[in-house]
Amino acid sequence: MATPWRALWRRLALLFAGAALLGGLMDRLTLALLLAVLGELAWQLGQLYRLDRWLRGDRDAGPPRLEGIWDEIAAHLARLRRQSRKRKRKLSKLFQQFQQATAALPDAAVVLGEDDRMVWCNGAAQRLLGLSPTRDIGRPIVHLVRHPGFVAFLTQRRPSDGVEFPSPVDDAILLGARLVPYGKKQRLLLAADVSQLRRLEQMRRDLVANVSHELRTPLTVISGYLETLLDSDDPALETWRQPLHRTQEQSRRMLRIIEDLLLLARLEARKEPAPRQPVNVPALLTEIADDALALSGEQNHQIEVNAEPTLWMLGCEKDLRSAFANLAFNAVRYTPAGGRIGLRWFADAGGVHLVVEDDGEGIAPQHIPRLTERFYRVNRDRSRGSGGTGLGLSIVKHVVNQHGGQLRIASALGVGSVFTCDFPAESRLEPITVAPRTGAASR
Ligand code: ADP
């Protein structure tokens, strides 16, 4: 047992023994013991009173000088007080540093509590979102930032990656916002100025589109002259026939790249989705299958179309033709002669789907996530050799996304590939009375 406690017990034992002895001698044992208890109680209360006064009084004053166990308790409390004061100072310094750091942040940060009410915001949130860290505390953020795109983004059950909207303070500033959930019902709203980034992207897009546009005319002229030369029977050209053929092949390849770049630029430049019209997809697939057969030529691929004959969709026919044809032609180009290629078009509870599958060379898993990047090719020479531009799958992805859908790619080396375009159920158009145009187009 600790020393002060032992001293206390010893003192109490002595006190009661003394009282008992004195009371015994005076024949007043009970009275003497009662007096001893009262005396001890009064003394203890006196100590407790002094301790209480110190605890309630001046925080900087040192502990009072008390007796026995009370002195020990007072010293312990003084130690705890010192530690807590130190911790408080450290926390407030940390808080100050945090405030300075968040104030220096170029991005707006807003803490949202229950019902997306504002709990706190930094300096950039005042500048970019027009929020006030004093006036707006406790107000729902949708009452403070009212852009419809932002409100829709915030009320989504599972917010998508982010949203872009003009700053409520200055229309010229474009903001990119994200939501990070944390803690209990808390969300952190981060908004950054992305105007510069978008401007640079626009400049890049304009440059690519302008260069492509400028190159198209001279290339078309060169191609035309080459064709005339190759058509000519002039014997003087005989030795040049082979190099002329090569040059024509290359100029055609360049024209294909330019056409694809211009198509991508057109798709990207679109702010609104292209006007939607009913598209007879089964008929479209039959035409694409015929073109794919022509591309296959001597290679004799087995191309099968399996489409629900009355299933049409709402979309932009030109873009969809380009996307579906890219998938079908890729299947031909990357499947060895005699291989099987299937085009399936069907609807289910999840929406409408186009599947292009082949039993060709397949793609190693590490390439799959990058296939839709511009000019990404698994094998550059193989792609060039078969007339590829490296832009086909980027176009497919863009077109499918612009129709509210997504492109999925599954493939295994040596087994084959499956490219699936999933469109939302709203794209579905049915029933349409059309003559069935489905069947196997193979040779
Ligand atoms: P490319 O013009 O090179 O075909 P794409 O964007 O259409 O460009 O395709 C990118 C790459 O994806 C191709 O180079 C090829 O390696 C791979 N690829 C596309 N389709 C298939 C397929 N059906 N089977 C195997 N590989 C494919």
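This is a predicted model: local features need pLDDT of at least 70, side-chain atom pairs count only at pLDDT 80 or more; totals for chains, interfaces and linings use all residues.
Another cysteine, Cys-421, is in no disulfide, and the cysteine sulfur nearest to that of Cys-421 belongs to Cys-316, 14 Å away.

Let us turn now to the ligand. Where does the ligand sit? The ligand sits in the largest pocket, and 20 residues surround the ligand, the closest being Asn-330, Tyr-334, Ser-383, Gly-390 and Leu-393.

Which parts of the chain supply this shell? Helix H10, which runs over 317–333, helix H12, over 392–402, and strand S12, over 416–423, each supply at least two residues of the shell around the ligand. The largest share comes from H10, with 3 residues.

If we look at individual atoms, a polar atom in the side chain of Asn-330 lies 2.8 Å from an oxygen atom of the ligand. For Tyr-334, an N or O atom of the side chain is likewise 2.8 Å from an oxygen atom of the ligand. In the case of Ser-417, an N or O atom of the side chain is 3.4 Å from a nitrogen atom of the ligand. As for the ligand's surface, the ligand taken alone exposes 530 Å², and the protein buries 98% of that.

I would like to stay with Asn-330 for a moment, which has its place in helix H10. Is Asn-330 buried or exposed? Asn-330 counts as buried, because its relative accessibility is 15%. Along the chain, Asn-330 and Ala-292 are 38 residues apart, while their C-alpha atoms are separated by 9.2 Å.

Next comes strand S12, where we find Asp-422. With a relative accessibility of 12%, Asp-422 counts as buried, and its side chain makes a polar contact, at 2.7 Å, with the side chain of His-353.

Finally, let me point out two residues whose backbone angles deserve a careful look. Most residues other than glycine have a negative phi. Asp-27, however, has a positive phi of about 60 degrees although Asp-27 is not a glycine. Asp-27 lies in the loop between helix H1, over 3–25, and helix H2, over 29–56, and Asp-27 is exposed, because its relative accessible area is 64% and the cut-off for exposed is over 50%.

Where is Lys-185 found? Lys-185 is in the loop between strand S4, over 174–182, and strand S5, over 186–193. Lys-185 is exposed as well, with a relative accessible area of 58%.

Notes. Residues are numbered from 1 along each chain as its sequence is written. Side-chain values use heavy atoms; hydrogens and water are left out. A disulfide is a pair of cysteine sulfur atoms within 2.5 Å. A residue is near a molecule or strand if one of its heavy atoms lies within 4 Å of it. A polar contact is a pair of N or O atoms within 3.5 Å; within protein, one must be able to donate a hydrogen and the other to accept it, and residues adjacent in sequence count only if both atoms are side-chain atoms. Accessible areas come from the Shrake-Rupley method with a 1.4 Å probe; for residues, only the protein chains shown count as cover. On a 1 Å grid over the protein atoms alone, a cavity is a set of points where a 1.4 Å probe fits but cannot get out, and a pocket is an open set with protein on both sides within 12 Å along at least five of seven lines; lining residues have an atom within 4 Å of a point. A molecule sits in a cavity or pocket if more than half of its atoms lie within 2 Å of its grid points. Helices (H or I, at least four residues) and strands (E, at least two) are DSSP runs, numbered from the N terminus. Buried means under 20% relative accessible area, exposed over 50%, partly exposed in between (1.4 Å probe, protein chains only).
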